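Take a look at the picture below, and then we will go through it topic by topic.

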Amino acid sequence: MSVPLLNASGCLDALTAPEVARSLDAFVTKTITPLTREGNPPPRITETDSGMLNSIGLQGPGISGFEREHLPRLGELGVPIWVSAGGFSAADFALVCERLDEFDEVAAIELNLSCPNVEEAPESSAELVAAARAATTKPLYAKLSPAQWDIAESARAVVGAGADGLSLVNTIRGLVLEPHTLAPRLATAVGGYSGPALKPIALACVYACASAVEVPIVGMGGVRSGLDALELLAVGATAVALGTVLFGDPSAPDRVRDELTREAAARGFGDPADLHRSSVVQLEKSLHIAANTSGCTAVEDC
Amino acid sequence: MPPRNTVLQGALRRELLAVQGVERFGPYVLLRLERGPLEPGVPGQFFMLEAPGRVLPRPMSLSLAPLGELGFLFEPIGPGTGSLAALEPGVEIHVLGPLGNGFDLAVERPLLVGGGIGIAPLPYLSEQLGAPPALLGFRSDEHAAAAALVPNASVVVEPALVTELLPADPGDVLACGPEPMLHAVARLAPGAQLAWEAPMACGYGACYGCVIDLDGHYRRLCVDGPVLRAGGPTSGGGLSLDAPSGSDQRCGPT
């Protein structure tokens, strides 16, 4: 298979845009927390010259609402479903993972250890992963923040605690002021910075982690083109997720996939996945779980 | 050069459209694009327009739909709208739409109410409803130049407010304008159809950036609105508004 393309959590709703979700190799949900959350007050988004800030604050139906209203419809999409799980303590992560463990529709769980818009859990990332690991046998991807001095150390810790892969990177905190009033543009003042400005930061994080651990890495951060995706693969990512680019261009998955193939071929790679074939095989296991639930024998057939 | 006819993804259509012209109405700009294969949709629906050089597109409700064209009225107030106002004829930009829920046109005694750049959807709405009476408010005589786009209109300029022109029995009010105006209209005309505005990154339900408080819950304006029906004042501080029937039609796998 070629390199899997996913969406970054919180950057696509498969229920309002199912055709976009189906153009991906796996759909990643918005983060699901134990309880319903209304999220942060508006204004929640603002643009900069080179990216955007968001402060959504994990608005969502909670695990019960997700199980009841979202998951059955997501299961009908015919694309593997990765659920982003979040919370405010190790017990929260364990609860969400334990509930998700019961559903065949869930191909993998991404642990949102790094939302910049809500309070952090008191436990370390490794403790949160360990709690999740004890609650599920699903593949676990740990999503890490780029805002840390030594992300490779975090990568080793979460893999040591049972993470099967890494999602790199989440947004990084930023602040934008309205130029006339000098008041913050977002209601929460600070939000998560994403878009093109994040790309060099994501590349540095993937580069650091790929040499520290031997697990699949879903690279993301500022990807707009196939060349951006290829750069993430070159530093060690085994799959690529699209975030902010989806807001402006819902056709980005097909376009980036085509561009990626061309850009890889232009550099002598018949398949962009040749850059990291062995890790791709590990990632494929996660993609196949849901594919099998929809009657397919391989993800390529879905 | 990006490919033409880039996307055909079910309900979402995104196309490269050429600029036909850019006209001034006082401080406002009317951007005229070739229509291409896009549908104009229902008045009150909106499109996401690529803003050259910017990260995010800009949401714009359709102002005019002459044969073969889509017209968008806006006020250039920032880098995105500024880049759109500076477009030259022949340049192509990506346009996604139509999106969201427009006005319910099954009305017996329509009265259009618009404030400032909120008049944007009214020219197309007026055309579809056979030029009903309209009440328009602007903050200056210069801004009021855009009233020329709406037939059969009574116009006021600040400090007079458009709501002062509302008759005691206003009929079926269809309104678009700044939030204080919409709140005032909602109080004076329960049942009015109100087109709201919010910053949007995507326009199709992906980003959760455009929420407004509806009865104490944050709802996405792009998929639940932007046109909502006023249901009278509430105690909770949020708006008591109802999405027009069928507004959830896009909220499920198809």
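In β4(A), which residue is the bridge partner of A:Thr48? The bridge partner is A:Gly51. What you see is a predicted model, in which local features need pLDDT of at least 70 and side-chain atom pairs count only at pLDDT 80 or more, while totals for chains, interfaces and linings use all residues. Residues are numbered from 1 along each chain as its sequence is written, and chains are lettered from A and ligands numbered from 1 in the order in which they are written.

**A sheet in chain A**

- Helices (H or I, at least four residues) and strands (E, at least two) are DSSP runs, numbered from the N terminus.
- Four strands of chain A form an open sheet in the order β3-β4-β10-β9, with antiparallel pairing; two strands pair if DSSP finds at least two bridges between them.
- β3 (45-48) and β9 (172-175) of chain A stand at the edges with a single partner strand each, so one side of each has no neighbour in the sheet.
- From one strand to the next, the twist averages 40°, where axes are lines fitted to C-alpha atoms and angles run from 0 to 180 degrees between N-to-C directions.
- β3(A) and β4 (residues 51-54) of chain A run antiparallel and are joined by four bridges.

- The loop between β9 and β10 (190-194) of chain A holds A:Leu182, which has a positive phi of about 60° although it is not a glycine.
- A:Leu182 is exposed, with 7 other C-beta atoms within 10 Å.
- A:Ala189 is also in the loop between β9 and β10 of chain A, and its phi is positive too, at about 70°, although it is not a glycine.
- A:Ala189 is partly exposed, with 13 other C-beta atoms within 10 Å.
- For these terms, a residue is buried with 20 or more other C-beta atoms within 10 Å of its own, exposed with 12 or fewer, and partly exposed in between; C-beta atoms are placed from the backbone.
- A cis peptide bond, with omega about 15°, joins A:Leu168 and A:Val169, and A:Val169 lies in the loop between β8 (165-168) and β9 of chain A.

**Where the chains meet**

- In chain A, 34 residues are in contact with 31 residues of chain B; contact means that C-beta atoms, placed from the backbone, lie within 7 Å.
- On the side of chain A that touches chain B, α8(A) gives the largest share, four residues.

How values were computed:
Two residues are in contact if their C-beta atoms, placed from the backbone, lie within 7 Å.
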